[in-house]
Amino acid sequence: MSPLESVDERLQQAMKLVLLATVPGMLALFWLYGWGVLINLILTAVTALAVEAAVLHLRKQSIKPTLSDGSALVSATLLALALPPYCPWWLTVSAAAFALLGKHLYGGVGKNPFNPAMLGFALVLVTFPQQMTLWPSAHGMSLLGGLQQVFGFGQAPDAWAQATALDSLRINKSLTMDEHFASNPAFGHFGGRGVEWVNLAFLAGGAFLLQRRVFTWHAPVGMLASLFIISLLCWNGSGSDSHGSPLFHLLTGATMLGAFFIATEPVSGAKSPGARLLFGAGVGILTYLIRTWGGYPDGVAFAVLLMNLGVPALERLVASRQEQMAP
């Protein structure tokens, strides 16, 4: 076996494990939102594989080995899990196409400086902000109703969407946190209604990947620890000007998906352990800042992309510190 074949096999195995680890979170999202999650997965997967094959053909590269490594399917899956269920089909397809084009713009697998899934997510979030805020109410809708909503045929159900817990908190002017949890259907026990269980499911999947040593603990621990610390420092109880407790931020939005499946992406993330820890810490801090004072309710995508830009500086900083500490 050549070294190149060995690397390809390790990549395929890692991608299979990542896809397997998303299953608990995927099932939790399906339980919460219904068929829209599956529709998203099918649209992103088909689009990502088609765009990957087309770009490889235009670049006169072998199609089968790259498609079979699973990286395009992983990017498509993570993007589908991050997008609102039942968003228009053209938005989902646009996000998946841009994610793969963004990867190949810099040379393809192993050369992309930005996380592909978050690149596609950020594009549609900036371009179509209204559609990206339409999250369905708990348990979604039937398969027929979901197809009607996604593809725009027939009569879509009325009042199927609601503001998320992060959205409600961001625009809150008068309600206390206790009043939110008592009266707002978007709030559950500790975080978003149902979303807290989704986050725990992704936490379980991330723990599985840590146990299988697909990635190290540095990035996820750095992100979750920094998010916990900054939300604790900025937490002012249950008043109407509260930004939410540390537990609220850990169990709401895409926190665990971001910590274990996005911030750990090996190509666009940091390489050395110290830089990974700083990378994760930066993602956690930026996520909180964007959630609290930014224009978007959940800042994981922008936080990851901004930290992608800082990876070379983080690596130089860690290398410099190690040289200074060397005897």
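Colleague: In which helix is Leu 41 found, and is Leu 41 buried or exposed?
Modeller: Leu 41 is found in helix H3, where helices (H or I, at least four residues) and strands (E, at least two) are DSSP runs numbered from the N terminus. Buried means under 20% relative accessible area, exposed over 50%, and partly exposed in between, with a 1.4 Å probe and protein chains only. Leu 41 has a relative accessible area of 13%, so Leu 41 is buried.

Colleague: What should I know about the origin of the model and its numbering?
Modeller: This is a predicted model, in which local features need pLDDT of at least 70 and side-chain atom pairs count only at pLDDT 80 or more, while totals for chains, interfaces and linings use all residues. Side-chain values use heavy atoms, with hydrogens and water left out, and residues are numbered from 1 along each chain as its sequence is written.

Colleague: Leaving aside neighbours within four places in sequence, which residues is Leu 41 in contact with?
Modeller: Contact means heavy atoms within 4.5 Å. The C-alpha atoms of Leu 41 and Phe 30 are separated by 11 Å, the two being eleven residues apart along the chain. With its neighbours within four places set aside, Leu 41 is in contact with Met 26, Thr 77 and Ala 80.

Colleague: At what angle do H2 and H3 pack, and what is that orientation called?
Modeller: Axes are lines fitted to C-alpha atoms, for helices over the stretch in contact, and angles run from 0 to 180 degrees between N-to-C directions. Helix H2 (residues 23-33) and helix H3 (residues 35-58) pack at about 130°, with their axes 6 Å apart. Angles under 35 degrees count as roughly parallel, over 145 as roughly antiparallel, 65 to 115 as roughly perpendicular and the rest as oblique. H2 and H3 are therefore oblique to each other.

Colleague: How many salt bridges does the structure hold, and which residue forms one with Glu 52?
Modeller: A salt bridge is a side-chain nitrogen of Lys or Arg within 4 Å of a carboxyl oxygen of Asp or Glu, and the structure holds two. Glu 52 lies in helix H3 and its partner in helix H6 (residues 89-105), so the pair ties together parts that are 51 residues apart in sequence. Both residues of the pair are buried. The closest N and O atoms are 3.3 Å apart, and the partner of Glu 52 is Lys 103.

Colleague: Which residue forms a salt bridge with Asp 298?
Modeller: The closest N and O atoms of the pair are 3.1 Å apart.

Colleague: What is the phi of Tyr 86?
Modeller: Most residues other than glycine have a negative phi. Tyr 86 is in the loop between helix H5 (71-82) and H6, and is buried, with a relative accessible area of 1%. Its phi is positive, near 70°.
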